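Biologist: I am new to this structure and would like to learn how to read its features one at a time. Could you take me through them slowly?

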Amino acid sequence: MNRFSKYLGGAALALFAAAAVAAPGAMDGVEKQPVNVSAIAMFIAFVLSTLGITYWAANKTKSTADFYTAGGGITGFQNGLAIAGDYMSAATLLGLSSLIYAKGFDGFIYTISFFVGWPIILFLMAERLRNLGKFTFADIASYRLDQGKIRTFAAFGSLTVVCFYLIVQMVGAGQLIQLLFGLEYNYAVVVVGILMMVYVTFGGMVATTWVQIIKAVLLLGGGTMLMLLAFAKFGFSFETMFSTAVSVHKEGAKIMGPGSLLSNPVSAVSLSLGLLFGTAGLPHIMMRFFTVPNAKEARKSVFYATGFIGFFFLVVAVLGISAVVIVGQDPQFFEGGKVGGKIIGGGNMPVMHLAKAVGGDIFLGFLSAVAFATILAVVSGLALAGASAISHDIYARVIKKGQADAISEMRMSKIASVGIGLVAIAVGILFKDQNIAFLVALTFGVAASVNFPVLILSMYWKGLTTRGALWGGIAGLASAVGLVILSPAVWVKVLGYKEAIFPYDHPALFSMSAAFLVTWLVSVTDKSAQAKQEAEAFEEQYIRAQTGLGAAAASAH
Amino acid sequence: MSSPSVQQRIRQHPKFAELVARRTRFALVLSLFVLVPYYSFMMVVAFNPALLHQTLGDSVITIAWPLGALLVIGSWLLTGVYIRRANGEFDELTQKVLKEATR
């Protein structure tokens with residue numbers, strides 16, 4: 001196995017080097033940049049060290065528990081960093097900072113909404129998740145319900161979210177890498193896909209966790225350094241920074257408070273519900289709760305994760321505002337040198353230009369490498385969650401009815417990882433140049449309306465039955481997908497109709513309500529013998545959720 | 001796997017009811033401490049944005065920014081408050097119940 005990992009790792013590197021060399025000849029169009037040597041060198045250093053970790057992790061990944069959850073042997077602090085790493089994607093750094101750059105305080109409202117779900121996850125879910133779950137969130141959803149139906153449905157919910165999110169990340173990766181490294185789009189997607197397969201297939205959760213930790217440290221360190229360099233330009237004074245920003249921004253003092261972005265209360269509530277509870281329904285995030293030995297460490301990991309994420313979001317706010325002044329007035333960052341015109345590389349680039357403005361080419365290279373590492377880590381976490389849904393839930397539990405031997409389940413998990421890697425490469429290339437902004441709404445909408453309701457109700461509500469969970473889940477899925485299709489992001493921007501039938505970009509307020517309502521209605525009217533048994537089984541689940549009695553323990557290493 | 005009798009003993013243990021009641025109440029109160037300010041903030045954003053455009057004295061800085069930062073920092077501090085009590089008091093109580101019930 002390890003010879004394989006070495007071989008595959010070597011192949012990935014060789015491919016990367018070949019792609020880097022081949023790139024200049026393959027380039028055309030305005031968006032691509034010259035090959036960025038320092039960025040590539042730093043990225044190769046990251047790849048080499050993570051492949052080293054994968055090699056080490058492959059030796060430790062012997063059982064299915066090692067593969068899915070690193071044997072439950074990750075500490076709270078490590079897991080906190082890894083959760084933060086899973087949650088802070090390149091979109092966080094680039095997207096949120098550019099939103100603040102363009103819209104000022106409105107962007108900060110988004111940032112806050114992305115954050116507030118975390119304390120709620122800790123207070124209401126973390127402990128029960130750890131006590132009830134083993135490998136995947138389907139373990140909890142189907143704890144006392146019909147294994148075949150609910151586990152299949154929960155696994156399907158996981159795979160749907162993983163797929164949508166993978167498309168977002170892969171397309172983002174291709175575009176970003178093309179821009180920052182001067183590497184051709186398709187090569188970039190293939191490199192990301194292959195590295196992800198290597199990490200997950202050979203190193204399982206141990207390697208994925210460490211890739212995540214390294215990336216989180218790099219991102220936090222790089223972001224903080226950039227913030228300090230930029231803030232120094234204002235003599236570390238918020239007053240100077242904000243007053244200069246107001247004087248140069250085209251919207252002036254309007255950037256200092258809420259503007260038009262969330263002026264509609266329905267839209268504001270729907271967005272916040274989607275972000276809040278969508279976070280609690282992301283399968284790769286929930287999986288992280290099973291990597292720690294007990295509920296105590298699970299709680300600690302959320303405390304650390306929340307701290308890192310909150311800190312980073314505040315850093316991002318400073319980056320966005322300082323970019324208004326430093327990037328927004330510098331002709332070198334605008335197409336044709338026209339200040340106020342189109343930003344070179346597109347709307348997501350202010351923070352990258354900021355890195356160049358305050359730290360020169362070397363720092364830009366470093367931040368580019370960090371962005372690439374970030375994408376790689378997030379897709380690895382997603383791939384692992386998807387592979388677990390296939391091998392643990394569908395193969396071992398549903399098809400083999402819990403009778404699969406460890407060797408064949410391990411084999412299946414590796415086949416699934418490779419399969420997801422191939423799918424990720426395919427969708428990355430397929431969706432190139434597509435408008436995929438709606439996929440973020442879809443990811444969080446489905447997570448909040450399909451995964452979250454069944455998860456929270458199975459833990460909190462005795463009356464939940466298989467029939468209720470199934471119909472509620474279907475209602476959530478259908479309404480989330482349907483409403484996103486009818487929303488401006490798809491109906492107008494993708495399909496080209498004049499006016500959207502559903503006026504809001506985020507469906508959660510409606511699709512979540514539909515899911516909960518249908519689940520409740522079908523459950524209370526379910527008078528079958530099975531429903532009665534399921535209610536009786538709640539007692540055992542409740543005591544385990546509250547005390548950890550019988551919870552999966554850490555395997556020895 | 002534990003036998004049903006252990007679970008019955010846990011269920012009947014007076015400290016178990018106390019643990020669950022206290023922890024559930026604490027978690028709900030803290031959730032409200034996060035959700036009420038957050039949604040109040042969002043409602044002000046939607047219905048009366050001008051309120052958040054007020055500046056701090058002569059400064060150009062509006063109350064919106066420090067309030068937003070306070071939401072982030074405050075919610076994080078609340079997670080600290082929760083784990084302090086959950087990992088201390090509540091876990092000790094849990095261990096006690098488990099120990100006495102499985103004896």
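Modeller: Let us start with one span of chain B: the end C-alpha atoms of residues 26-51 lie 32 Å apart, and the span is 96% helix and 0% strand. Helices here are DSSP runs of H or I with at least four residues, strands are runs of E with at least two, and both are numbered from the N terminus. This is a predicted model, in which local features need pLDDT of at least 70, side-chain atom pairs count only at pLDDT 80 or more, and totals for chains, interfaces and linings use all residues. Residues are numbered from 1 along each chain as its sequence is written, chains are lettered from A and ligands numbered from 1 in the order in which they are written, and side-chain values use heavy atoms, with hydrogens and water left out.

Biologist: Which residues of chain B does UniProt place in the feature "transmembrane region"?

Modeller: An unreviewed UniProt entry places that feature at residues 26-51 and 63-83 of chain B; such positions are given in the numbering used here, feature names are shortened, and annotations may be inferred rather than shown by experiment. Over residues 63-83 of chain B the chain is 95% helix and 0% strand, with the end C-alpha atoms 30 Å apart.

Biologist: What average pLDDT does chain B have?

Modeller: pLDDT is the predictor's confidence in each residue, from 0 to 100, and where it is low, the predicted coordinates should not be read in detail. Chain B averages 90, and 96% of its residues score at least 70, while the model scores ipTM 0.92 and pTM 0.89.

Biologist: Are E127(A) and R299(A) buried or exposed?

Modeller: Both E127(A) and R299(A) are buried, where buried means under 20% relative accessible area, exposed over 50%, and partly exposed in between (1.4 Å probe, protein chains only). E127(A) and R299(A) are also linked with K296(A), R23(B) and D91(B) in a network of salt bridges.

Technical notes:
A salt bridge is a side-chain nitrogen of Lys or Arg within 4 Å of a carboxyl oxygen of Asp or Glu.
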